[in-house]
Amino acid sequence: MLLSVAPHVAQAAPPPPDMRALPETSAAWDEAQAIAQDLLRTPARISAKYFYDQRGCELFEAITRLPEYYPTRTEKALLLRRGAEIARSVGNCTSLIELGAGNCEKVRLLLPALQPQCFVGVDIAGDFVQGAVDELARAFPGLEVCAVEADITAPVTLPARIAREGRLVFYPGSSIGNFSPAGAMTLLRQMRALAGEGGGLLIGIDLPKATAVLEAAYDDAAGITAEFNRNALLHLNACLGSDFEPAQWEHVAFFNHARSRIEMHLQAREALQVRWPGGARAFAAGERIHTENSYKYPLPLFMQMLTQAGFKTTRAWTDDNDWFAVIHAQA
């Protein structure tokens, strides 16, 4: 997120050591320290990756089926309608690598046209993506499949058996919008390195549109997005040993015109204190935790970003309303 300023000073003494178990490994300890540092900022923030524990993945699937949430159905329609054209643009595809693969639903629309030898599903939720990849193997018996548990914000290491030639990195769902512009550029460069020479990237982006349409997509009438937002607090409890109570927090989502992004926050319903091993923070009533951004890039600007990231040629397909774009960029 873009809200990194001076740390907020904790307003309470640390909780007793036996409140929660301390992380047992150095990696878990480093993660807990990073979470705590973000919570002590002003304003506090949470990395969007903490949306995606098992329950978070299930809730996001439910969001994609909501009438207000246009991105998924618009992108799927594009992939179906333009699948043959996309396949001709891609050419030879030895390995199809989906980042943030989740339930692998969208890649099913591409497999008949692209006909890769191998599919690799990469996701931070390892058990979830393994189950999805297993289902994909049953649906496409001749396809070699592989699940990789990894945080895609860092360079992804694939198994040695995945060929370097003919790679197509697939990043659907406009998830690139969840990163700051600088973070998006870093990720695009990592995708360029993962694709390798002669490979490519197939990416979906959400385009600017009417504010009412955007805000409804991130604050649905059924409250599923609100539950998804609050579920991140339970994930933090598991990772940090904190004592967040989701019911104490209200979901807030709005479009920030100046930065061309949807912002999601959690707002304290009342004055409260959150504790974790070695630290704590008091929140005033109405104080917010910034949980997600979703940037909406104009298509010409995003094409420039792809060029800056090292991709050579690009081709884009949009829906009839120009709400969404699917772009093929050659490495």
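Two strands are said to pair if DSSP finds at least two bridges between them. The model described here is predicted. The points below concern a strand hairpin and a group of aromatic rings.

- Strand E7 covers residues 249-256, and strand E8 covers residues 261-268.
- The two strands pair in the antiparallel sense, over eight bridges.
- E7 and E8 form a hairpin with four residues between them. In the turn, Ser260 has a positive phi of about 50°.
- Because six of the eight residues of E7 are buried, this strand is largely enclosed by the rest of the structure.

**Aromatic pairs**

- The structure holds 12 aromatic pairs.
- In one of them, the rings of Tyr69 and Tyr218 have their centres 6.2 Å apart. Their planes stand at 70°, and planes over 60 degrees apart count as edge-to-face, so the pair is edge-to-face.
- This pair links distant parts of the chain, as Tyr69 and Tyr218 are 149 residues apart.
- Tyr69 is in the loop between helix H2 (54-64) and helix H3 (70-90), whereas Tyr218 is in the loop between helix H7 (211-217) and helix H8 (224-240).
- Tyr69 is buried, with a relative accessible area of 5%; Tyr218 is also buried, with a value of 6%.

**The ring cluster**

- Both tyrosines belong to a cluster linked by ring pairs. The cluster consists of Phe51, Tyr52, Phe60, Tyr69, Tyr218 and Phe228.

Notes:
Residues are numbered from 1 along each chain as its sequence is written. This is a predicted model: local features need pLDDT of at least 70, side-chain atom pairs count only at pLDDT 80 or more; totals for chains, interfaces and linings use all residues. Side-chain values use heavy atoms; hydrogens and water are left out. Rings of Phe, Tyr and Trp (its six-membered ring) pair if their centres lie within 6.5 Å; planes under 30 degrees apart count as stacked, over 60 as edge-to-face and the rest as tilted. Buried means under 20% relative accessible area, exposed over 50%, partly exposed in between (1.4 Å probe, protein chains only).
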